[in-house]
Every structure is written in C-alpha cells, then in structure tokens.
Amino acid sequence: MDPEMDSQLKIGFIGAGNMAFGIAKGILSGNVLPANVKVSAPSSRNLGRFQELGIAVTHSNIEVVCGSDVVFVAVKPHLVPLVLNEITQHVTDRHMIVSVAAGVTLATLEELLPENSVAIRLMPNLPCLVQEGALLFARGSHAKQEDGALLRSLLHRCGLVEEGPEAWIDIHTGLSGSGVAFVYLFAEALAEGAVKMGMPSALAHSIASQTVLGAGRLLRDSGKHPAQLRSEVCTPGGTTIYGLHTLEQGGVRASTMSAVESATERARELGRKSTAGSRK
Amino acid sequence: SVCHIMSVGFIGAGQLAHALVKGFTAAGVIATHRITASSPDTDLPTVSGLRKMGVNLTTSNKEAVNKSDVLFLAVKPHIIPFVLDEIGPDIEDRHLIVSCAAGVTISSIEKKLLQYRSAPKVMRCMTNTPVVVREGATVYATGTHAEVEDGKLLEQLMASVGFCTEVEEDLIDAVTGLSGSGPAYAFTALDALADGGVKMGLPRRLAVRLGAQALLGAAKMLLESEQHPGQLKDNVCSPGGATIHALHFLESGGFRSLLINAVEASCIRTRELQYLADQERISPAAIKKTTLDKVLQQPGVTVGGVANGNGKSGLSLFNNHGSGLKKKN
C-alpha cells in the first residue's frame, strides 16, 4: 500500500486493552506516525503503555472518532452498542470503523452506525501483542476492496492477515483465538510430562515454550505440511514414534478437532445472542 | 533371463506356494513345468489348484529338492526344522534355499544345513498374499553364503509379482506386521466399508466393488505421488464437507492408533513365535494334528519323551546334537 498515504492516516482506538495495544504496536512499526494515533479509555489505567509509544491519549471516544480516519472499536462486546450509539453522529463516510469485538456481527455494527458506513469486522488473537498474531477480517456491505487493502497494509506487521467471508470469523475464533489457549494447555502438559520424568519445573516450562515456538516457526517457514514435518522427525523405532503412538491412543487429534468445533459453535451462539440482544 | 532356464521347487503346497505360482505364471517369469511342489496332503484345494496350473506335484520333499535350483520353503514355521532335517542330505551347491516362514531366522536354518554342506545358500523372505495378483510386497534378507547374484535372482522372481526389496534381517518382523498382515487389515476395513455402504442403501456387491476400488485407487495415488499421505488426505477434504466429518469420526474412534497397535501386535507376536522356536520346545498339541501325523510318518522322525527342566515333554526343534530330533534306534 502507499507508504505516503499511510503516514498521513489518522488512526484511533476506542478501548485500551491488549488487543488495541497489540494492533497499535503493529501499526506503528509500519509507516504510521505515533502523532497520528489516538486512544481513548474511561480510566487511565491502561493508557500508560500507549503514551510510552508516543501515542496521544484521551477519555473522550468522540474526540478519537473526530480526529481519525480509521477507528478500531476495541471494547468488550457488551459495550459495543453503547459506544456506537455514543459516536454514531460523528461517523462520516470518510471513516472506516473496524470492530474487534467477538460475537458482534457486521449486521449489528451496520445497524448501529449511519447508513453506508464502512464497517469491517476483525478477529485478531493474543499474539498480536508480540507481532505474531493471526488476524482475519470480513468486510461489511459498504467496505470496498480498497478498504480491505488499506486495513491489510496497516495490520501486516501484526502477524498473518487474511480476509474472508463473515462466516469464517467464528471458525477463526475457535481455531486461532481460542487455539492459542489450546497450545498453552499442550505446552503445560509437555512440561508436566518432563517434570514427571525428573526435570525441574522451571526448566521444563522454559524448554516446552521454546519447543512450541521453534516447531511453530519451522512449520510456518518451511511451507511443508505438518504431517510431512512430523514424519521427518520420526526415526524408525525411535523415541518420537513411541510418543506419537501414545498420543494417538489418547485420541488427541479427535479431541483437538472437537475443541475447535466447540469453540466455533460457541462463537456462533454468542453471535446469535448478541444480534438478538442488540435489536431494540 | 535366468528365470527361463532354472527350476523352482516348493516344499509345501499351501496358500503361499499357490499364490506365488499363480503370480509367477501370470508374469510369465517361469514355465510351470519347471515348478515342482511337494506336500504330504494331496487333498488340499491349493494342491489341485497347482496341478491345474501345470505344476509337478509330489509327496516327496526330496523329489522337490532334486528337481529345483531355487527352493522355496513354504511350510508353517514349526515344520521347517523337520523339513530341513529331511532334505539336508539332498542339498547341492547349486541350491538357493529361500525360507518364507515367519519368525524363522537365517542363522537357525544355516545352523541346520551346515551339518550337510559347508556353504549353504540361504535367503529369508517375507512376502504377502497379493502376490497372487502380482501386487505383492516382498522383502528379503541375504544369508551368509548367498551371493549377490542369488539376491538378484530372487529379486527378479519376486519383482515379477509385486514390489520387492532387500532389507536387513532384523527388520523382517516389522515387515510381517505391516505388509505381511496388512492385507488382512485391508480386508477387514473393506468389509466394514461395504457394511457402511449397505447401511446407507447400496447393494452389497456394488458396495464391495466401490470400497475396494476406493482403497486401490488411493493406494495407487500415494505410490505415484511425491506428496505425504496427510497432504493427499487434505486434498480430499473440502471445508465443512462430508469427508472431514467422516474423518473426525475415525479419529474419535482412535483409527490411527488401532492401526499402529495392529502392526505392533503382529510384529511382536512374530518375534514371540521366533523366540518360542529358538527355545527349542514346542508342544505337539501346538502342531495341527493331521500335519503332525503325516510328518511323523516320515522315516527317522519321532516324538521323544524328552524331559526338560520343567517336566514337560515336547518336540525339540533345534538342539545342539545336530539332528534336532530324537531318532529311533
């Protein structure tokens, strides 16, 4: 995307939580100047880390909207209707509203915003905090391809950015939003296995996390199918194949598939509830 | 090729001999009149099958030996020692002895034959029943005195009926577990797949045909592809589609681990049987009655009332005294 355009772009955040912070960091490592970024939150609690980055802070959501071209709505889902009601009069056709609230549908967003508003729904995940997020966005009815491209270029330093139909956002939530927690569970269990076999806990945890990280990088950067990489680690009659057999006997694959399924179903349910709830 | 001038013998005229001969003749790698098979039991269906193919049948193991250059030992593992004792004196320098018996080591065979020849040429192979349709999976290991040419000859023969490669002997038990028993796993899967088809409304014959073709086609794709089977699987699974739903069921049932368990169990059991054989004790009850009777009819063979440490009597398969069996005086 056009770096000159990026540097003139004004970005606002309503909400100063982890998601907002992670996205802000990613945006700043592109061409956007800190002076062109503003964040609002009701309390000063979370604003310190934004200020450290040179970002302007305020308690006024309206001030953020009026001073921005792209506004990230990064509040808790149940607060979204409140916030949108508050800012809607100040939203113009130059604005792009990007919601990162789980379960809040594009239909809900467009209902609460002025007609013809450019709305995009974005689902990031926790590792945005370290610029290794997985982000999926879906464009609203009035968001054009160029809007998607702009968002993509803003976010590309946050991690992997992909676009999809809104139906995929719940799946992305199950896979990658919740998926992060599934990985943490696995890492914890790896470490516990090591502790059982006699390794001190702190070391086991540190090695477990590096193992997950290293394996993840290799998977992403090699471009190989995970089954291929798995086979490459398994020497005949070696330790790995023995361990894998135990995992298979435990039905890890099936329960992992089911976990993604459950999380996705729940995301869909929450989406239905929030849609129902927001109808007045 | 050498296959056209040499003769092949089979000690044993059961499933294995029948399958191999059927495959060899379909491949045209050897003429049936150059094949001799011996069996004490002339009533076996495989015996008449072999006869119909033009194979020379005999009840004399010695005759099979004399009429062959490559001699397949195609009898059950616990019969091998009896056979070796019987034919030992008739083995010549030209003979290549190929044992197909699961769990019977090259060294145990060589030990026996060394009483009769200074450099017996022994090979061990593990094949499987689909040799009958020329889609066998065969591995072989080369004995101490077998030459490179012997290996090539065997490979030529076995490659005519499917895939064949040489391995180190210590891998043969694993091969048994995988491709030796493998067709049985496949038949079980196919039976069940057909049941699934029938449950969902297909006529049985069609269900069997389609199931078999599906597995055949998948196997062929894999053999001809550079891709990992995991990748090929992904290529079949459209998002949210029928196949991925079905796969989830398979995973929930522990499909993969069951297959791993099966290969492992077959391999371990093979080793156990080999261990039992090496222990040099096997109770007569473990040998099928009819076979034992016929074997005992051979001259010089008897069940010894051999007392061993735990008071049980049994047939001694391989012992240090060379003949392996307590002979009648």
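In this predicted model, the area buried between chain A and chain B is about 1200 Å². Carbon and sulfur atoms give 59% of that area. On the side of chain A, His225(A), His245(A) and Met257(A) lose the most area to chain B, and together these residues account for 41% of what that side buries. In terms of contacts, 13 residues of chain A touch 13 residues of chain B.

Three elements of chain A each give two or more residues to the side that touches chain B, namely helix 11 (226–233), helix 12 (239–249) and helix 13 (252–278). Helix 13 of chain A gives the most, with 5 residues.

The residue classes of two contact regions are set out below.

| Contact of helix 7 of chain B with helix 8 of chain B | 3 residues | 4 residues | no residues |

Helix 7 (residues 172–180) of chain B packs against helix 8 (residues 182–199) of chain B at an angle of about 25°, and their axes are 5 Å apart. Angles under 35 degrees count as roughly parallel, and helix 7 of chain B and helix 8 of chain B are therefore roughly parallel to each other. From helix 7 of chain B, the residues Gly177(B), Leu178(B), Ser179(B) and Gly180(B) take part, and they meet Gly182(B), Pro183(B) and Tyr185(B) in helix 8 of chain B.

Over all chains, a search of the whole structure finds 27 salt bridges. In one salt bridge, the side chains of Arg139(A) and Glu163(A) meet at 2.7 Å, N to O. This pair links distant parts of the chain, 24 residues apart. Arg139(A) belongs to strand 7 (residues 133–139) of chain A, and Glu163(A) to strand 8 (residues 159–163) of chain A. Side chains of opposite charge can pair when their charged atoms come close.

Technical notes:
Residues numbered from 1 in each chain as written. Chains lettered and ligands numbered in written order. Predicted model: local features only at pLDDT ≥ 70, side-chain atom pairs only at ≥ 80, totals over all residues. Heavy atoms only, no water. Contact = heavy atoms within 4.5 Å. Buried area = accessible area lost by both parts, 1.4 Å probe. Helix = DSSP H or I, 4+ residues; strand = E, 2+ residues; numbered from the N terminus. Axes fitted to C-alpha atoms, helices over the stretch in contact; angles between N-to-C directions. Parallel < 35°, antiparallel > 145°, perpendicular 65-115°, else oblique. Nonpolar A, V, L, I, M, F, W, Y, C, P; charged D, E, K, R; others polar. Salt bridge = Lys/Arg side-chain N within 4 Å of Asp/Glu carboxyl O.
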